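Good morning, colleagues. Please take a moment to look at the sequence and the structure on the screen before I turn to the details.

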Amino acid sequence: RSLSSGSEGESRLTRVLQERFPRASSIKVVDISGGCGAMYEIHIESEEFREKRTVQQHQMVNQALSEEIKHMHGLRIFTSTPKP
Amino acid sequence: RPLSQAAGEGGGAQGSGGGGGSGSGSREAVERLVREHPVVVFMKGSPAQPLCGFSNAVVQILRLHGVEDYRAHDVLQDPDLRQGIKNYSNWPTIPQVYLNGEFVGGCDILLQMHQNGDLVEELKKLGIRSALLDAEKDQEKK
């Protein structure tokens, strides 16, 4: 259950995000804790973010990963919408 | 100091339950804190000595805009507040920035606002003139 290796954690988080953001055009998860699964950087581009303030967009990601976040030391989130 | 990537705050303090009752982490207590001043920051450490890279980033950004007079709360000193502020904003990480009592976001969002000019605008709404506006003026004179 714990996110032991960087790439395992990255894949797992990516899968969760794909499920929660079915309309995402791009999802990228990077372990920035040197493979410890302690800190991640999340880049996600999705139509689902359109017309929402950044803090709301980040909140959506927080909710999607609420379980996983409990085991992290920190995370960085970068959201965007696809060019129309 | 550079805006480093040092550890932020992840899943919160497991202990101290929710924010009920009259403790320092209760909704009422947090509400009072966020309304205390136009600019309120919940961070790790203090503006003079941040204890986390993300908290430091917030302090540095505010400093760039000439905002040195604000309320900063060190959540490391108060586990109830640490959990309470996360419950209040429904946001899992520290630092947390409040402008005029409203939750604005963490370090990433403040950085974005700084880069796209939104922070200057938001400060203006609070009656705070960003130091960067004066810096620009000086540039134009040259």
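This is a predicted model: local features need pLDDT of at least 70, side-chain atom pairs count only at pLDDT 80 or more; totals for chains, interfaces and linings use all residues.

The side chains of A:Arg53 and B:Glu102 meet in a salt bridge, with 3.8 Å from N to O. Across the interface of chain B and chain A, the rule finds two salt bridges. It also finds five residue pairs in polar contact there, both residues at pLDDT 80 or more.

Which elements of chain B supply the side that touches chain A? Strand E4 and helix H4, residues 107-116, each supply at least two residues. The largest share, five residues, comes from H4(B).

Let me now consider the interface as a whole. In total, 23 residues of chain B are in contact with 19 residues of chain A. The area buried between the two chains is about 1,500 Å², and carbon and sulfur atoms give 51% of that area.

Strand E4 of chain B leads us to the sheet. Four strands of chain B form an open sheet with mixed pairing, in the order E2-E1-E3-E4. Its edge strands are E2, residues 71-74, and E4, residues 102-105, and each pairs on one side only. Neighbouring strands are turned by 25 degrees against each other on average, direction ignored.

How do E3 and E4 of chain B pair, in the parallel or the antiparallel sense? Strand E3, residues 96-99, pairs with E4(B) in the antiparallel sense over three bridges. The bridge partner of B:Val97 in E4(B) is B:Gly105.

Notes: Residues are numbered from 1 along each chain as its sequence is written. Chains are lettered from A and ligands numbered from 1 in the order in which they are written. Side-chain values use heavy atoms; hydrogens and water are left out. Two strands pair if DSSP finds at least two bridges between them. Axes are lines fitted to C-alpha atoms, for helices over the stretch in contact, and angles run from 0 to 180 degrees between N-to-C directions. Contact means heavy atoms within 4.5 Å. Buried area is the accessible area (1.4 Å probe) that two parts lose on being put together, summed over both. A salt bridge is a side-chain nitrogen of Lys or Arg within 4 Å of a carboxyl oxygen of Asp or Glu. A polar contact is a pair of N or O atoms within 3.5 Å; within protein, one must be able to donate a hydrogen and the other to accept it, and residues adjacent in sequence count only if both atoms are side-chain atoms.
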